Amino acid sequence: MSTPTPTPTREPVTTGGDPTPEGKLAHGLKQRHLSMIALGGVIGAGLFVGSGAGIAAAGPSIVLAFALSGVLVMLVMRMLGEMSAARPASGSFSVHAEREIGPWAGLTVGWMFWTLLCVGVAAEAIGAAGIVSSWLPGVPEWAWVAVFMAFFCATNLTAVKNFGEFEFWFAAIKVAAISAFLVLGVLAIAGVLPGSSSPGSANLTAAGGFFPHGSTGLITGLLASVFAYGGLETVTIAAAESEDPRRSVAGAVRTAMWRVALFYVGSMAVIVTLVPWNDPSVVKPGPYVTVLNSLGIPGAGELMKVVVLIALLSAMNANIYGSSRMAYSLVQRGQGPKALAKVSGGVPRLAVLASCAFGFFAVLLYKWWPETVFTWLLNMVGAAVLVVWAFIAVAQLRMRRRLEREAPEQLSVRMWAYPYLTWAALVGILAVLGLMTLDASNRIQLYFTAGLAAVLALAGWIKQRRAA
């Protein structure tokens, strides 16, 4: 099979440190911004909101599910870190896919990720509005959605350092909250927390044991955990606008292992050890609220509502940023409407407005057709993160081989045990996609996502042939 010859990309490789040229993105993100964005990026709304369903399906084996998917995520981030440290670009993996696979691949993975982030903006705005409305029922939810959309759109229209500052403090609050939860949980497990006694291994072995629903439950938990990790890729997009992109990317990916192990796997282990996995409250109001209530923490429910609200607003802010930069990168390379490539004040403002407009349109679809059109939109991006990861793996296989031959000095971050772990990750991604076919709801998402990928790939292939 012949390797396609990619057309030269028009997006310049970012090196950092220089004043912002006219019409180019600014380098306004500091190292502390990137460090906290990377740290807070693993603490998403999926961890607080979606993990309860995974625990109910997998029982205590959710710890194993999160560990397995965490290994896959770490491999993907290491591959992405290698490519982004060698060639930082605001389009991140879309740029790498275009260079190493072909323009059609860059278009496919770029616009798929853009759609994923914009739909995420809508879902997060709706979730955040629901929380605030529970406190202030006199104000309709749509009004809060409009407020959040307008506020974060305005924030992203200004200098990129404003985005960095918001994410810095959002991430700091999330890290503090999950760290406090883990400390309290460990103290309770050890039996040294006042008013509590150590549960030992009772909750891990009761009600069906560690695998109460067998392999079926483990698979369901594995799928839930994979999608909870989505969004980590945004840090490599943000790194292109930092003061030192190569060093920023390297630092972010090198700390991925302990972050994933501590925040995700650690918190799941604390939850299933302290409370019965089949407690109905694990699903709603959620596992974190259930644990805090069991420890007698006053106001646990409202406290976690605040944390979840911050996680949703943080994800919303990051998704508007990431989608606008991905759109900017795509149109810079001739993969979209040229008007979105205009930059003023170091910010692609038209790309920001386009991303916000799509997100707000998705919110309207939720209001008008929540059970049909909006559900179809959610299904279209249901497995998009796995498609993105697959393109990352293929691009890294090709890029590493070329860099070792042409510019080995650029490999400041190296994928472990190349190419064996890259192939193992690719097999793992394909295995997760295969597991999705075993469940009816996951199967629908897989088919919708495959349809979106096919349409984008066909459009990219036609455009590539015409250019050739």
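**Buried salt bridges, core packing and local backbone geometry**

Glu98 and Arg333 are both buried. In this predicted model, the side chains of these two residues meet in a salt bridge, with an N to O distance of 2.6 Å. The pair connects distant parts of the chain, since Glu98 belongs to helix 4 whereas Arg333 sits in the loop between helix 14 and helix 15 (349–368), 235 residues apart. A further salt bridge is formed by Glu100 and Arg402, whose closest N and O atoms are 2.3 Å apart. This pair also links distant parts of the chain, with Glu100 in helix 4 and Arg402 in helix 17, 302 residues apart. Glu100 is buried, as is Arg402. In total, the structure holds seven salt bridges.

The salt bridge between Glu302 and Lys305 has its closest N and O atoms 3.8 Å apart. Both residues lie in helix 14, three residues apart, or about one turn of the helix. Glu302 is partly exposed, with a relative accessible area of 42%, and Lys305 is partly exposed at 29%. Elsewhere, salt bridges with shared partners join Glu100, Arg402, Arg405 and Glu406 into one network.

Helix 4 provides both Glu98 and Glu100. Eight of the eight residues of this helix are buried, so helix 4 is largely enclosed by the rest of the structure. The buried residues are Phe93, Ser94, Val95, His96, Ala97, Glu98, Arg99 and Glu100. They pack against helix 3, helix 5, helix 14 (300–332) and helix 17. Phi of Ser92 is near 45°, a positive value in a residue other than glycine. Ser92 has a relative accessible area of 0% and is therefore buried, the limit being under 20%. Helix 4 is followed by Gly102, which has a positive phi near 150°.

Another positive phi near 45° in a residue other than glycine occurs at Ala417. Ala417 is located in the loop between helix 17 and helix 18 and is partly exposed, with a relative accessible area of 46%. The loop between helix 17 (384–406) and helix 18 (420–436) also contains Pro419. The peptide bond from Tyr418 to Pro419 is cis, with omega near 0°. Leu421 is found in helix 18 and is partly exposed, at 29% relative accessible area. Contacts of Leu421, apart from residues up to four places away in sequence, are with Leu75, Met415 and Trp416. Leu421 and Val76 are 345 residues apart in sequence, while their C-alpha atoms are 9.8 Å apart in space.

The largest nonpolar core comprises 152 residues, and those with the most contacts inside it are Phe48, Ile62, Met268, Tyr288, Leu386, Trp389 and Ile392. Helix 5 (residues 103–135) contributes the largest share of this core, 18 residues. With neighbours within four places in sequence set aside, Tyr288 contacts Leu47, Phe48, Ser51, Ile178, Phe181, Ser267, Met268, Ile271 and Met304.

Asn156 lies in helix 6 (residues 141–157). This residue is buried, with a relative accessible area of 2%. The Asn156 side chain reaches the backbone oxygen of Phe152 at 2.8 Å. Beyond residues up to four places away in sequence, Asn156 touches Phe163, Asn317, Ile320, Tyr321, Arg325, Val347 and Val352. Ala311 is placed in helix 14 and counts as buried, at 1% relative accessibility. The C-alpha atoms of Ala311 and Ala128 are separated by 9.1 Å, although the two residues are 183 residues apart along the chain.

On the surface, Leu64, Leu68, Phe210 and Phe211 form a nonpolar patch, with about 330 Å² of accessible area together. Phe210 is in the loop between helix 8 (202–205) and helix 9 (214–228). Phe210 counts as partly exposed, at 33% relative accessibility.

Technical notes. Residues numbered from 1 in each chain as written. Predicted model: local features only at pLDDT ≥ 70, side-chain atom pairs only at ≥ 80, totals over all residues. Heavy atoms only, no water. Core = buried A, V, L, I, M, F, W, Y, C linked by side-chain atoms within 4.5 Å. Buried < 20%, exposed > 50% of the residue type's maximum accessible area, 1.4 Å probe, protein only. Helix = DSSP H or I, 4+ residues; strand = E, 2+ residues; numbered from the N terminus. Contact = heavy atoms within 4.5 Å. Patch = residues over 30% accessible without salt bridge, like charges linked within 9 Å, V, L, I, M, F, W, Y side chains within 5 Å. Areas by Shrake-Rupley, 256 points an atom, 1.4 Å probe, with all protein chains shown as cover. Salt bridge = Lys/Arg side-chain N within 4 Å of Asp/Glu carboxyl O. Polar contact = N/O pair within 3.5 Å; in protein donor to acceptor, adjacent residues only side chain to side chain.
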